[in-house]
Amino acid sequence: MREIVENQIYRVGSSGCEVYLIDTHSKEGLVLIDCGMDIAMIKRISSERLDPKNIKHCIITHCHIDHIAACNDLQNFIPAIKFYAHELDSEAIEQKNHDSKTAASWYGTNYHPVKLFRKFHKSSEILKIGDIEFEIIHTPGHTPGSISIIVESNGFKILFGQDIHGPFYESFGSNLNDYQTSMKTLLEKKPDILCEGHFGIIKPFRKVESYIKRYMKENKP
Ligand SMILES: [Zn+2]
């Protein structure tokens with residue numbers, strides 16, 4: 001566990017993917033960005049005096065197993081938890097037998113579906129939880145329903161861009177034209193901190209910019 005923004009935004013750790021946590025400091029409790037593959041890691045936030053039972057929301061960035069495998073365990077642990085994702089990745093999250101879309105077949109594991117509380121439809125929309133505005137930006141490329149999330153906290157603009165490095169495969173429904181457009185949108189937002197899905201925390205904006213531009217260059221249509 002590591003604090004990214006004091007008393008509000010945390011990196012929980014890595015289990016399949018990087019998992020991040022936002023404390024709304026309201027009755028809406030804690031919000032997870034993806035949940036990775038291992039609920040044990042999430043339960044360990046109690047060592048930081050945060051109550052894992054107070055996780056009330058989980059925003060899913062896309063439908064890959066390394067980001068969603070723990071969803072079902074999480075739901076058993078916190079039955080009232082609300083899951084959110086983009087509608088274009090929702091089938092693979094909510095239904096069985098999408099093992100190539102979720103990449104579960106790569107990992108040799110089974111995915112146990114969960115129902116979404118809300119599906120995002122627009123190119124950009126605000127999800128308000130407590131007093132925090134989560135800007136949900138549809139950033140297709142890696143998968144059709146990939147989203148990136150921006151939160152402002154303590155004067156910083158934090159971008160949760162889970163798999164903005166790719167990879168890109170036909171079986172994922174990847175699209176490099178969409179990817180280029182999505183990354184341009186994220187660069188225009190000028191985030192101070194990038195919380196990446198597999199490469200940790202990148203800052204300041206100068207480094208975020210060169211990180212994103214490097215992958216744009218490597219992944220031209
Ligand atoms: Zn992925």
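Predicted model: local features only at pLDDT ≥ 70, side-chain atom pairs only at ≥ 80, totals over all residues.

Stop 1: Switch to cartoon and pick out the strands. Seven of them make an open sheet, ordered β1-β2-β3-β4-β5-β6-β7, with mixed pairing. At the edges sit β1 (2-5) and β7 (118-120), each of which pairs on one side only. From one strand to the next, the twist averages 25°.

**Stop 2: β5 and its partners.** Now select residues 55-59, which is strand β5. Which strands does β5 pair with? One is β4 (residues 30-33), parallel to β5 and held by four bridges; another is β6 (residues 82-86), also running parallel, with three bridges. On the β6 side, His57 stands opposite Lys82, and Cys58 is across from Phe83. While you have those side chains on display, remember that in a regular strand they alternate between the two faces of the sheet.

Is β5 enclosed or open to the outside? Largely enclosed by the rest of the structure, because four of its five residues are buried.

**Stop 3: the nonpolar cores.** Select Leu21, Leu32, Ile55, Ile60, Leu74, Phe83 and Ile93: these have the most contacts inside the largest nonpolar core, a set of 35 residues. Apart from that one lies another core, of 23 residues, including Ile9, Ile22, Val31 and Ile129. Zoom in on Leu21 and show what surrounds it. Which residues coordinate the zinc ion? They are His62 (NE2), His64 (ND1), His142 (NE2) and Asp163 (OD), at 2.1 to 2.2 Å. In sequence, the spacing of these donor residues reads H-x1-H-x77-H-x20-D. Try the angle tool here: the four donor atoms give angles of 89 to 171°, and the site is irregular. His62 and His64 are both buried.

**Stop 4: Asn219.** Finish in the segment after α7 (205-218), where Asn219 is found. Why does Asn219 count as buried? Its relative accessibility is 16%, and the cut-off for buried is under 20%. Leaving aside neighbours within four places in sequence, show what Asn219 contacts: His165, Phe168, Leu176, Tyr179 and Gln180.

Notes
Residues numbered from 1 in each chain as written. Heavy atoms only, no water. Donors = N, O, S within 2.8 Å, 3.2 Å for Na, K, Ca; no water. Tetrahedral: all angles 85-135°; square planar, octahedral: opposite > 155°, others 65-115°. Buried < 20%, exposed > 50% of the residue type's maximum accessible area, 1.4 Å probe, protein only. Core = buried A, V, L, I, M, F, W, Y, C linked by side-chain atoms within 4.5 Å. Pairing = 2+ DSSP bridges. Helix = DSSP H or I, 4+ residues; strand = E, 2+ residues; numbered from the N terminus. Axes fitted to C-alpha atoms, helices over the stretch in contact; angles between N-to-C directions. Contact = heavy atoms within 4.5 Å.
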